[in-house]
Amino acid sequence: MPLRNKVALETEEDRKLIARSLNGEDRAFTILMRRFKLPLFRFAVRHVGNEDDADDMVQEAFVAAHRNLARYNPKYEVSTWLYQITLNKCRDLGRKRKTWSFLQPMTPMIEEQVSSGSVSDDPETALLGHKDLEELSGY
């Protein structure tokens with residue numbers, strides 16, 4: 001069988017599995033997960049650089065896909081939809097990592113202020129401190 005025909009058959013089969021899943025057939029979604037788990041895992045590893053995180057991203061992608069089955073557009077291939085969800089999860093992780101790397105150096109300073117009592121209970125001082133933070137952050 002030519003590759004083009006095989007891909008067309010798999011695409012149609014994937015769409016049928018989505019339709020069956022929408023009708024409440026959990027086994028159909030399980031088949032989709034088995035079919036795409038490894039390719040999505042490899043894709044995620046390339047994006048996050050870590051097998052444990054990649055495994056988490058694939059799991060999160062399948063949860064998101066299951067929750068949003070009704071939003072699937074049959075005009076597109078199921079594989080494209082699943083890869084896009086996985087990519088979005090990987091990007092979310094990247095944003096979380098950037099936020100964490102930004103906040104992590106500040107944590108000891110904040111803990112020191114709290115433990116030394118340098119954080120004021122005075123509302124006016126707290127408000128001024130909040131305004132200083134806004135100016136620093138550019139908001």
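Predicted model: local features only at pLDDT ≥ 70, side-chain atom pairs only at ≥ 80, totals over all residues.
Colleague: Which helix holds Thr86?

Modeller: Helices (H or I, at least four residues) and strands (E, at least two) are DSSP runs, numbered from the N terminus. Thr86 falls within residues 78-103, and that run is helix α4.

Colleague: Which residues does Thr86 contact, leaving aside neighbours within four places in sequence?

Modeller: Contact means heavy atoms within 4.5 Å. With those neighbours left aside, the contacts of Thr86 are Leu40, Phe43, Ala44 and Ala61.

Colleague: How many helices does the protein chain have?

Modeller: The pattern along the sequence is α-α-α-α-α-α. The chain has zero strands, and its helices come to six.

Colleague: What percentage of the protein chain's residues count as buried?

Modeller: As a separate figure, 56% of the contacts between residues at least 6 apart in sequence join residues at least 24 apart. The chain has 139 residues, and the share that counts as buried is 24%.

Colleague: Which word describes how α2 and α3 lie relative to each other?

Modeller: Axes are lines fitted to C-alpha atoms, for helices over the stretch in contact, and angles run from 0 to 180 degrees between N-to-C directions. The axes of α2 (residues 26-48) and α3 (residues 51-67) come within 8 Å and cross at roughly 140°. Angles under 35 degrees count as roughly parallel, over 145 as roughly antiparallel, 65 to 115 as roughly perpendicular and the rest as oblique. The two helices are therefore oblique.

Colleague: Left-handed or right-handed: which is the crossing of α2 and α3?

Modeller: A crossing is left-handed if the near helix is turned anticlockwise from the far one by less than a right angle, and right-handed if clockwise. For α2 and α3, the crossing is right-handed.

Colleague: How many nonpolar residues are in the contact of α2 with α3?

Modeller: Residues of α2 in this contact include Phe29, Met33 and Leu40, and those of α3 include Met57, Val58 and Phe62. Ala, Val, Leu, Ile, Met, Phe, Trp, Tyr, Cys and Pro count as nonpolar, Asp, Glu, Lys and Arg as charged, and the others, Gly among them, as polar. The contact of α2 with α3 has five charged residues and one polar, while the nonpolar residues number 13.

Colleague: To which residue's backbone nitrogen does the Asn50 side chain reach at 2.7 Å?

Modeller: Asn50 sits in the loop between α2 and α3, and its relative accessible area of 30% makes it partly exposed. A polar atom of the Asn50 side chain also lies 3.0 Å from the backbone nitrogen of Asp53. The backbone nitrogen reached at 2.7 Å is that of Asp52.

Colleague: How far apart are the C-alpha atoms of Leu69 and Phe29?

Modeller: Leu69 is in the loop between α3 and α4 and counts as buried, at 5% relative accessibility. Leaving aside neighbours within four places, its contacts include Ile18, Ser21 and Phe29. Leu69 and Phe29 are 40 residues apart along the chain, and their C-alpha atoms are separated by 9.7 Å.

Colleague: What is the relative accessibility of Phe36?

Modeller: Phe36 belongs to helix α2, and its contacts beyond four places in sequence include Asp14, Phe62 and Leu82. Phe36 counts as buried because its relative accessibility is 7%.

Notes
Residues numbered from 1 in each chain as written. Heavy atoms only, no water. Buried < 20%, exposed > 50% of the residue type's maximum accessible area, 1.4 Å probe, protein only. Polar contact = N/O pair within 3.5 Å; in protein donor to acceptor, adjacent residues only side chain to side chain.
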